[in-house]
Amino acid sequence: MHIKPILAALRRHKAGTVLIALQIALTLAIVCNALFIIHQRLAHLSEPTGVDEANLFVIENQWAGQTSNPQIDAQIRADLVALRQLPGVRDASPSNAYPLEGSGWDDFITLTPDQTEKTTDAAVYLGDEHLIDTLGLQLVAGRNFRADEVNSVGLHQYSVSPVVIVTRALAERLYPDGSALGKPLYAMTSTPSTIIGVVDRLQRQGIDAWSDSYAYQSMLWPQRLDMPRGIIYIVRAKPGQLAAAMREAPAALYTQNRMRIIDPKNGVLSFAQVRERAYDSDRGMAILMGIISVVLLAITAAGIVGLTSFWVGQRRRQIGIRRALGATRNDILNYFLTENLLIGAMGVLIGAVLALVINLWMIAHVEMSRLPLAYVLAGVVMLLLLGQGAVLAPALRASHVSPVEATRSV
Amino acid sequence: MFTYYLELALRSLKRSPGLTALMVLTIAFGVAASMTTYSVFRAVSGDPIPWKSSKLFVPQIDMWGPNGRGSDGEPPDAMDYNDAVTLMRDHRARLQSAMYQISPSIVPADASKHPINVSGHAVYSEFFPMLDVPFLYGSGWSTDDDTQRAAVVVISSKLNQKLFGGSNSVGKTVNVEGKDYRVVGVLNDWNPQPRFFDVVNSGGFSTGVEDVFLPFQRAISVGIPNDGNTNCNAVPTESGFVGLQHSACVWIAYMAELDDAAAVIAYKQYLDGYAHDAQQSGRFGWAPNNRLRDLPAWLDNQHVVPSDTKVSLLVALGLLLACLVNTAGLLLAKFLRRSSEIGVRRALGAPRMAIYAQFLVEAGMIGLAGGVLGLLLTGVGVASVGWVLPKDIAALARVDISLLLITLLVAVIATTLAGLYPTFRASRVQPAWQLKSN
């Protein structure tokens, strides 16, 4: 294929050429970044929590009128007995929080009592000896809490438990040689807690970007939280009985004692609902970016079809002359495909630079990481193919121009 | 002449319905995407109290020192109890209030009804006049009520509806956390977004309503705990809510009204003097590192506008730009295809300006059509934006007259701009050339 005559022809259509190239450049720049955002969000929302999500639900139970700690503690014990007796319930535990809750509680962790700089950071989950089974966690080393190790703590009461169960991620961060079991950790106090067990995986409560470097670093304390504000019950239903258990549980609690508040709308949430809420904005951003990318690609393709069709219409005579002089249909087809490829190449070149510039701006102004070059390359290939696909129809029409056109005056 | 151009434009658009439809659709999509995201951005970046925001200030005191600062050297974004109460006692601003988020239970008098949980804030009496809080019945409480820790409460109209059927309940009693409070005021609808007086705890936007306001010292003395964030740099030495009050943990929001530049300077000096005294007395081991931001600067500092909103708007504007480039290309093709027509008009004596006018009218018409279709799509977009953005933010997006006008204006102006170059090219058509080739 001779490129020179194509370039000569393009020079006579500077404006159209520049506009198509510019549009391809803009499309590439935006679509690359949008796809990267989509990928990041999807990766984020498919992170596992480590709990038995299919069978879990949580009850946000608030007290009404009970203010003394012993009174609340007695009520919690009675509630738990009632919950665990329900036919659809496998196990239940009191807690302060659950994964994907959003905001949470975390502590600085040190390895010695007099350390001023933290070693790392860990999310705190409170519960009794049923917590591990309720969440469906895998105990990979050591043992569970014993019932006699579980104590009750009031609001802002900082009693350190002598025993703690940690996630594998936290154990490895604190003791990289794998010797965490039986070793101490210090959670913002000078009193040690001994690591008695290690669970496989338990996600933190918050999923904000700032806590990424502490992902999956959680620890479990054997404590019941007797706050006047209320408590969270985590309940694990028997397989297939989630819906029934979610109906039975609040009724059973109200039967136990009416002086409590379980919000009719948000008080009882299945874990699927929890997950949906937590990743609301991530899923939304991915959808929005997807819609914009599709619209943009469609518009660019339509634009290429439109402008090329015009060019074909304008050059019918020239095409006829070339055909009359012996050019085959394929020659004409190739001419327009090559012309589009040249314009596309110009566009993607500018677009690749623009994509990186936009990415740099986003790194500087909003939370964003560096755009991998693979995305730009994939975008380049995609847009060149899109261009070739879009130009195909008008180019085919051009190749069907009969040589007889050469003799017509219009 | 204008109506003649309109007629010409209509005729030309009818001649190539496919191309026209493509241009109108392109403009409509570009405008609708930008306007939908803009409506969300406008909602979240708006000033919640525009007549007063430049007079409202949030003081920050660096009571944790270098180890407790963020990587940007900022002091904590809330106050501990000790500092908040001292600042209230010193009373250096015209109006000011310390406040903390509460979530008490309300027990209905009717024993057959379940107790309900409400959210609200414990505030000082000056909170209400400072923020121009509108009242339906009654008013806020007095400074005497502050000092006497009076059992008084201000409730929202929504709670008033629920408890008293919407009647004037001033003087009636509400049971909050097991104790009786006298209603002194019922708010008119008041749901500022962002929840600017306590953005640290509300995260900016909230679908809920503030249902109760209690006197700060009353809530402290009866031990209604804070429901918002508590941040500590060390574990408090004492337990319980009282232990929290004695600790250096931060959990209290603070706002002060400073009416002029002199008052701002004086207040800043007061804060620095306060920190300086604390340094002298040995409580702080570091030089004063305070902040005093006005409300807009504070909202910016707290990143109240979510970055997702900014990115969405940016990407949508990029889409609009790409749509305009596309339209410019299509218009160019369309106009130049009519070179012979232009040639005839020019040969018959039409000046270049007439060609300009004719084609800009045509571009403007496409813009108008795109704008009208874009309006419909924007309506659909705003209605379904809750599907892709967090509910509390999406709920704020509205279609109103100004958005409608902006949409149409953006569509027409943008399309006319896109039509400028094609029109310029059309006006340069050499009449002789065109006539010859015919």
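Mentor: A crossing is left-handed if the near helix is turned anticlockwise from the far one by less than a right angle. Keep in mind that this model is predicted.

Trainee: Which crossing does H2(B) make as it passes H12(B), left-handed or right-handed?

Mentor: H2(B) passes H12(B) in a left-handed crossing.

Trainee: What makes H2(B) and H12(B) roughly parallel or roughly antiparallel?

Mentor: Helix H2 (residues 17-45) of chain B and helix H12 (residues 307-337) of chain B pack at an angle of about 160°. Angles over 145 degrees count as roughly antiparallel, so H2(B) is roughly antiparallel to H12(B). The axes of the two helices are 8 Å apart.

Trainee: How do the residues of the contact of H2(B) with H12(B) divide?

Mentor: That contact has 19 nonpolar, 8 polar and 1 charged.

Trainee: Which domains does the domain assignment of chain B give?

Mentor: Domain 1 of chain B covers 2-47 + 306-437, and domain 2 of chain B covers 62-257. Their centres, taken over C-alpha atoms, are 51 Å apart.

Trainee: How many residues does the contact take from each domain of chain B?

Mentor: Residues whose C-beta atoms lie within 7 Å are in contact. The contact takes 6 residues from domain 1 of chain B and 4 residues from domain 2 of chain B. On the domain 1 side, the largest share, 3 residues, comes from helix H15 (residues 391-394) of chain B. By class, that side has 4 nonpolar, no polar and 2 charged residues.

Trainee: What separates the centres of domain 1 and domain 2 in chain A?

Mentor: In chain A, 55 Å separate those centres, taken over C-alpha atoms. The assignment there gives domain 1 as 4-45 + 281-407 and domain 2 as 65-258.

Terms used: Residues numbered from 1 in each chain as written. Chains lettered and ligands numbered in written order. Predicted model: local features only at pLDDT ≥ 70, side-chain atom pairs only at ≥ 80, totals over all residues. Axes fitted to C-alpha atoms, helices over the stretch in contact; angles between N-to-C directions. Helix = DSSP H or I, 4+ residues; strand = E, 2+ residues; numbered from the N terminus. Parallel < 35°, antiparallel > 145°, perpendicular 65-115°, else oblique. Nonpolar A, V, L, I, M, F, W, Y, C, P; charged D, E, K, R; others polar. Domains from an automatic or database assignment. Contact = placed C-beta atoms within 7 Å.
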